[in-house]
Each structure stands twice: as C-alpha cells, then as structure tokens.
Amino acid sequence: MAAVQDEIPGLVIHTVRQPDGQAATIQAQFEAFHQLNPWVLRALESLTADYLKHGAARVGIGMLFEVLRWRYVTATEGDDDFRLNNNYRSRYVRLLIERHPEWAPAFEVRALRAD
C-alpha cells in the first residue's frame, strides 16, 4: 500500500467548475476531472489490487473512495480541500473493470441513472 501513499504527497488537485448558466452532465464533469487528475485512477487501481491480493472477493468503490480521501488528507499539509465527487464512483468502477476485466466479479455495477 505504500506505493499509493508515495504518489499522493505534492499532488495538485484540479477542481472542475462550470461557468454560470452552463450545466454539464455528470459524465462530462467526470471526464474533465479524470483528464486533470489521472492519478486518482492509478491510486484506485493500486488500492483494488492490494485489497484483492489479500484475499477479498468483493470490493466496494465507496470504501476505496474513503480510503483515498483519508490517505490524501493524512499525507499532505496545507489548507487545500481534497474533493473527490461521489458522483464519479460509478464512472471509476467502469474504468477499473475496463482496464482490469478480471476484477468484474469483485464489483457490483448498476445501470447509470444520469448521463
């Protein structure tokens, strides 16, 4: 697990903000966030691989998000807020499974309700 923590210090979190009056879909917001913060997917991959390697058969993206939040806050200094939008959980699960099809049985994936 040290590899994830080693990646975290000094990272810059880029927040995606929409100009007033322009509503973007969750998918569009996610794509912008992911493009600016590719380390998040790498960290989620590392956490998932480590968790499954230790014998877990199932893993929840909610747990992974909370571990990532905890690690980021405890590994950095300063007043910058770390924002990891829960609306992106379903998108990250899909990316994890796309990149690691062998993990599909470990995650529960539901139909998307919003674009």
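These notes go from the whole chain to single residues.

**Ground rules.** I am working with a predicted model, where local features need pLDDT of at least 70, side-chain atom pairs count only at pLDDT 80 or more, and totals for chains, interfaces and linings use all residues. Residues are numbered from 1 along each chain as its sequence is written, and side-chain values use heavy atoms, with hydrogens and water left out.

**Whole chain.** I looked up the secondary structure and found 5 helices and 0 strands. Helices (H or I, at least four residues) and strands (E, at least two) are DSSP runs, numbered from the N terminus. The order from the N terminus is α-α-α-α-α.

I then checked burial. Of 115 residues, 33% count as buried. Buried means under 20% relative accessible area, exposed means over 50%, and partly exposed lies in between (1.4 Å probe, protein chains only). The chain exposes about 7,200 Å², and carbon and sulfur atoms supply 50% of that area. Accessible areas come from the Shrake-Rupley method with a 1.4 Å probe; for residues, only the protein chains shown count as cover.

Next came contacts, meaning heavy atoms within 4.5 Å. Among those between residues at least 6 apart in sequence, 66% join residues at least 24 apart.

**Helix α3.** I looked at its length. It has 15 residues and reaches 21 Å from first C-alpha to last, close to the 21 Å expected at 1.5 Å a residue. The expected span is 1.5 Å times one less than the number of residues. The buried residues of α3 include Trp 39, Leu 44, Glu 45, Thr 48 and Asp 50. Just after α3, Gly 55 takes a positive phi of about 100°.

I picked out Thr 48, which lies in α3 (residues 39–53). Is Thr 48 buried or exposed? Thr 48 counts as buried because its relative accessibility is 0%. Which residues does Thr 48 touch, not counting those up to four places away in sequence? I found Val 59, Leu 64, Leu 96, Trp 103 and Phe 107.

**Helix α2.** Gln 27 is in α2 (residues 26–36). Its relative accessible area is 26%, so Gln 27 is partly exposed. Gln 27 and Tyr 88 are 61 residues apart along the chain, with their C-alpha atoms separated by 8.1 Å.

Ile 26 also sits in α2. Ile 26 counts as partly exposed because its relative accessibility is 23%. From Ile 26 to Arg 91 I read 9.3 Å, C-alpha to C-alpha, across 65 residues of sequence.

Phe 33 and Tyr 88 are 55 residues apart along the chain, and 9.1 Å separates their C-alpha atoms.

**Largest pocket.** I looked up its volume: about 510 Å³. Of its 21 lining residues, the closest to the centre are Arg 89, Ser 90, Arg 94, Arg 110 and Ala 111. Helix α5 (residues 89–99) gives the most to the lining, with 5 residues. The lining divides into 10 nonpolar, 4 polar and 7 charged residues.

My terms for this entry follow. On a 1 Å grid over the protein atoms alone, a pocket is an open set of points where a 1.4 Å probe fits, with protein on both sides within 12 Å along at least five of seven lines; lining residues have an atom within 4 Å of a point. Grid points are joined across faces, edges and corners, and a volume is the space filled by probe spheres set on the points. Ala, Val, Leu, Ile, Met, Phe, Trp, Tyr, Cys and Pro count as nonpolar, Asp, Glu, Lys and Arg as charged, and the others, Gly among them, as polar.
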